[in-house]
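I opened a new notebook page for this chain. The entries below follow the order in which I looked things up.

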Amino acid sequence: YLVARRQVDRDRLVSAVEASIDKEAQLARWRDWQGDPKVSVAIPLNATDAEPGRIYNFLPMAAEMPSPLAGHIDAPFYATIDRRRANFDLPLNAFLLDEVADTAVQAALELKSMPDVAFRNAVFDLAAWNPKDLDRLERVCAGRELDWRDLELVPEAGGKDLWCSFQSAYVWEEKGYRLLRVRRLIKAGI
């Protein structure tokens, strides 16, 4: 696994806690947070391990709470007492999920510049989230003055240094074609 981890700004965390207290009164105890809050993303380097990703709150949450990407995420989410479920509409959890998304985008951008071809799929897995979370990625990227749709984080077939954007990417289905195969298209320069 490739793990990207970062510390969360304590003041922003406390603001998210304050915004959540009227919905979850027990969070008042979190005003006195001890330690350094962190979020992390773990992406398998072996594609066969990519599915399904899990959400962790120190321990894994229920399998019905899948990760928004093809990997695992961990953050101090406010969860049910058994830590199996969390309400991601709660401002604290939404903030932490935004921090995870920002961590994933930053890691994808940094990893893309590394020459090791083994990281190509990890770059894509870090940036390709569940469609219901695309607004989160767009918001995080806008905060970095980037447009998520234009980020060239999709590895192209045909070369280790070829990338395209999510907006211009497509998957060629070979099923039913005898002559139009991906290898031939690459060879032809299409």
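In what order do the five strands of the open sheet stand? I read the order as β1-β2-β5-β3-β4, with mixed pairing.

Before going on, I noted that this is a predicted model, in which local features need pLDDT of at least 70, side-chain atom pairs count only at pLDDT 80 or more, and totals for chains, interfaces and linings use all residues. Residues are numbered from 1 along each chain as its sequence is written, and side-chain values use heavy atoms, with hydrogens and water left out.

**Sheet**

I took helices (H or I, at least four residues) and strands (E, at least two) as DSSP runs numbered from the N terminus. Two strands count as paired if DSSP finds at least two bridges between them. β1 and β4 (59-60) are the edge strands; each has a single partner, so one side of each is left without a neighbour in the sheet. I then looked at β2 and β5 (residues 72-74), which run antiparallel and are joined by three bridges. Across this pairing, V41 stands opposite I73 in β5. Helix α2 packs on the sheet and touches β1, β2 and β5. The direction of α2 makes about 125° with that of β1; axes are lines fitted to C-alpha atoms, for helices over the stretch in contact, and angles run from 0 to 180 degrees between N-to-C directions.

In soluble globular proteins, nonpolar side chains tend to be buried together.

I also listed the neighbours of F77, with contact meaning heavy atoms within 4.5 Å. Leaving out residues up to four places away in sequence, F77 touches W30, I55, Y56, N57, M61, F88, N93, L96 and L97.

**Salt bridges**

I counted a salt bridge where a side-chain nitrogen of Lys or Arg lies within 4 Å of a carboxyl oxygen of Asp or Glu. The count comes to 10. One of them joins E99 to R12, with the closest N and O atoms 3.1 Å apart. E99 lies in helix α2 (residues 91-112) and R12 in helix α1 (residues 10-20), so the pair ties together parts that are 87 residues apart in sequence. For accessibility I used under 20% relative accessible area as buried, over 50% as exposed and in between as partly exposed (1.4 Å probe, protein chains only). E99 is buried at 5%, whereas R12 is partly exposed at 45%.

D98 bridges to R139 at 2.9 Å between the closest N and O atoms. This pair links helix α2 to helix α4 (residues 134-143), 41 residues apart. R139 is partly exposed at 43%.

D147 and R149 form another salt bridge, at 2.8 Å. Both are partly exposed, D147 at 29% and R149 at 39%. Elsewhere, salt bridges that share partners join R6, R12, E99, D102 and R144 into one network.

**Loop**

Last, I located S168 in the loop between β7 (163-164) and α5 (182-188). S168 is partly exposed, at 44% relative accessibility. S168 and E152 are 16 residues apart in sequence and 9.1 Å apart in space, C-alpha to C-alpha.
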